[in-house]
Amino acid sequence: MPLVFLALDDTLLDRSGAFRLWAKGFLDEIAAPQDDLEWLVAVDADGLTSRWDLADRIRDRYRLRVSSIDLVDELNAGPLTYERLDPMVGCALEIAGDAGLVPVVVTNGPAEQQDARIRRTGLDRYVADWVISEECGVSKPNPRIFAVAAQRVRMRLAGAWVLGDSPEADIGGAAALGLPSVWLHRGRDWVDTRFAPTHAVGNVIQGLSAIMAAR
């Protein structure tokens, strides 16, 4: 039974899409031009920008009087109200499980928030387990987080796959372990010369299909 480590953000859940929807409403609320949407999405950097830094940049740009802590709370909670599990992704995970794959979420981020997202969207019903960097004290691409995930489901790393959208965290982690990988390109070109994914696909459903076809 092949073990499959799956990323959460922009792999199993459309984090970028949810942020974009929230950003549209936020700009309307503060009477900012919708032309600023691309600026806000860009400075968010797929969630890689610190929420405190992003809050400061928003406050400075729009001269908001709201406190940084309140804006950080909004940046953390607001996009989550738009986040949903695509039923087709749930179906694909179900099919993969029936085919013998063991899906485990491996994600970086704050434990409480990531755990809540997995449970609230119903993703917990389709995966064997999940591991969050904050709770285990190590982040992707460090190989130890994948070892923790394998231990969590009492399986060995040998024969496992890694599926995710991050060249460094996901594909880099797979390369460090010598595991095959599937990269969700999201319209991007692969540019890293240190390692490369086994497959590149457009979405997680295609990724799971590629892994099942490779068995």
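The side chains of Arg 20 and Glu 38 meet in a salt bridge with a nitrogen-to-oxygen distance of 2.8 Å, a salt bridge being defined as a side-chain nitrogen of Lys or Arg within 4 Å of a carboxyl oxygen of Asp or Glu. This pair links distant parts of the chain, since Arg 20 belongs to helix α1 and Glu 38 to helix α2, 18 residues apart. The structure is a predicted model, in which local features need pLDDT of at least 70 and side-chain atom pairs count only at pLDDT 80 or more, whereas totals for chains, interfaces and linings use all residues. Residues are numbered from 1 along each chain as its sequence is written, and side-chain values use heavy atoms, with hydrogens and water left out. Helices (H or I, at least four residues) and strands (E, at least two) are DSSP runs, numbered from the N terminus. Arg 20 counts as partly exposed at 29% relative accessibility, and Glu 38 also counts as partly exposed, at 47%; here buried means under 20% relative accessible area, exposed means over 50%, and partly exposed lies in between (1.4 Å probe, protein chains only).

The two helices that carry this pair were then examined. Two packed helices are described by the angle between their axes and the distance between the axes. The axes of helix α1 (residues 15–29) and helix α2 (residues 37–44) come within 10 Å and cross at roughly 135 degrees, where axes are lines fitted to C-alpha atoms, for helices over the stretch in contact, and angles run from 0 to 180 degrees between N-to-C directions. The helices α1 and α2 are therefore oblique to each other, given that angles under 35 degrees count as roughly parallel, over 145 as roughly antiparallel, 65 to 115 as roughly perpendicular and the rest as oblique. The crossing in which α1 passes α2 is right-handed; a crossing is left-handed if the near helix is turned anticlockwise from the far one by less than a right angle, and right-handed if clockwise. On the side of α1, the contact is made by Arg 15, Phe 19, Arg 20, Trp 22, Ala 23, Lys 24, Phe 26 and Leu 27, and on the side of α2 by Leu 37, Glu 38, Leu 40, Val 41 and Asp 44, contact meaning heavy atoms within 4.5 Å. The residues of this contact divide into 8 nonpolar, no polar and 5 charged, where Ala, Val, Leu, Ile, Met, Phe, Trp, Tyr, Cys and Pro count as nonpolar, Asp, Glu, Lys and Arg as charged, and the others, Gly among them, as polar.

Salt bridges were also found elsewhere, and the structure holds 16 of them. Arg 186 is partly exposed, with a relative accessible area of 32%, whereas Asp 10 is buried, at 8%. The side chain of Arg 186 also meets that of Asp 46 in a salt bridge (3.3 Å, N to O). Because Asp 46 lies in the loop between α2 and α3 (51–62), while Arg 186 lies in the loop between β5 and β6, this pair ties together parts that are 140 residues apart in sequence. Asp 46 is partly exposed, with a relative accessible area of 37%.

Backbone geometry was considered next. Ala 31, in the loop between α1 and α2, has a positive phi of about 60 degrees although it is not a glycine, and Ala 31 is exposed, with a relative accessible area of 71%. Ala 45, found in the loop between α2 and α3, likewise is not a glycine but has a positive phi, of about 55 degrees; at 31% relative accessibility, Ala 45 counts as partly exposed. The peptide bond from Lys 140 to Pro 141 is cis, with omega near 15 degrees, and Pro 141 is found in the loop between α7 and α8 (143–152).
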